[in-house]
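I opened this notebook to record what I looked up in the structure. The entries begin with the core and then turn to domains, a helix, a sheet and a loop residue.

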Amino acid sequence: MAFITHTFAGGPLNRASDKRPESDWLAGKLKAPGARALAMWNGSPLLKDGALVWLDGGFAKQLAARDEQLLFLGLDGDDAVFALDLEGDADPAAGPLEGRGAFGDLRAAAADLPISDTGMLSTARSLFEWRRRHQFCSVCGHASNAVDGGWKRICPNCAGQHFPRVDPCVIMLPVIGDKCLVGRQAAWVPGRFSALAGFVEPGESIEEACAREVKEEAGLTVVAVRYHSSQPWPYPSNLMLGMIAEVSDDKAEPDLNELEAVKWLTRAEARDLIEGKLDGFSGAPPLAIAHWLIRDWAYAD
Ligand SMILES: [Zn+2]
């Protein structure tokens, strides 16, 4: 398909959402010979020699203390693919999964994994974080139950239905003529500058959120917004909406709250930033949509 696919998207499976409510079908698929599951422990995937480790369906079911620790990710042909959510303080790689690999940081691993694996892992991580944070009904406070292969929770007390969150965020590169603006947050590694970002608020369009954030963080007025691409960001469930934001002038001022500094770059400087050649500065890594926003603008004619 003719669009950009970033890390944490690109999952290869047929999500088969119409089959999720069929619990007998799901149970049969889990028992079938081709069923497999990736494993996560507190948000970190099981890896061996830098590759994702797959467990067979029966073994994954054994390791799941509760059914809801198994998430139905989708179908690979006829074979069902699941994700197993392991909990607790004891490292399962030193217990029931000994010899199968080690749990590693998702973000570090994602830089080297095939993008299709990162898509499945981001789905699993976001869903598992949602599961952990939404054990109780937000309407009445009663404990809720997972249904639909882990994609929905129902409250047995008030019948409230609860669905996984996706939280939209705008991430944008303000530009004027042949200059773009990057900013830095105080918490970042020294020298790191990147695109500006913020959550979309209720009652706000993507364009309005983009304009508001650029005004709040850098004091600039947005006059035009162009959509670039989007990226799921599973920390825990953001959807980054990448935009190029044309601004009316270059009198930028950091708000000193979210941003401690802003900096205008020429296209040549932006290219150097993204290639790691701008002395004393570093940009976002290729894993992040910000890298591609800046790169594509910097190399455009
Ligand atoms: Zn309820």
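Entry 1, the core. I first looked up the largest nonpolar core and found 75 residues in it, with F82, M172 and I294 having the most contacts inside it. A nonpolar core is here a set of buried Ala, Val, Leu, Ile, Met, Phe, Trp, Tyr and Cys residues joined through C-beta atoms within 7 Å. A residue is buried if 20 or more other C-beta atoms lie within 10 Å of its own, exposed if 12 or fewer, and partly exposed in between, with C-beta atoms placed from the backbone. Helix α7 (residues 289-299) gives the most to this core, with 7 residues. The core draws at least three residues from each of domain 1 (23-162) and domain 2 (167-299).

I then listed the contacts of M172. Leaving out residues up to four places away in sequence, M172 touches A195, L196, C210, V214, M243, I244 and A245. Contact means that the C-beta atoms of two residues, placed from the backbone, lie within 7 Å.

I note that the model is predicted: local features need pLDDT of at least 70, side-chain atom pairs count only at pLDDT 80 or more, and totals for chains, interfaces and linings use all residues. Residues are numbered from 1 along each chain as its sequence is written. Helices (H or I, at least four residues) and strands (E, at least two) are DSSP runs, numbered from the N terminus.

I found 7 helices and 16 strands. The C-alpha trace spans about 60 × 45 × 40 Å along its principal axes. Of the 301 residues, 37% are buried.

The chain is divided into domain 1 (23-162) and domain 2 (167-299), with bounds from an automatic or database domain assignment. Their C-alpha centres lie 33 Å apart. I found 7 residues of domain 1 in contact with 6 residues of domain 2. On the domain 1 side, helix α4 (residues 115-133) gives the most, with 5 residues.

Which residues of helix α1 (residues 23-31) are buried? I found L26, K29 and L30. They cover an arc of only 100 degrees around the axis, which puts them on the same side of α1; the arc is that of the directions from the helix axis to the C-beta atoms. The face turned away from the buried side carries the exposed residues D24, A27, G28 and K31. The cover over the buried residues of α1 includes α2 (57-63), β5 (70-76) and β6 (79-86).

I looked up an open sheet of 3 strands, with the order β8-β9-β10 and antiparallel pairing. β8 (145-147) and β10 (161-162) stand at the edges with a single partner strand each, so one side of each has no neighbour in the sheet. Strands pair if DSSP finds at least two bridges between them; β8 and β9 (residues 152-154) pair over 3 bridges. N145 stands opposite I154 in β9.

S144 is found in the loop between α4 and β8. Why does S144 count as buried? S144 counts as buried because it has 25 C-beta neighbours inside 10 Å. Leaving aside neighbours within four places in sequence, S144 is in contact with Q135, F136, C137, R153, I154, C155 and H162. The C-alpha atoms of S144 and Q161, 17 residues apart along the chain, are separated by 9.0 Å.
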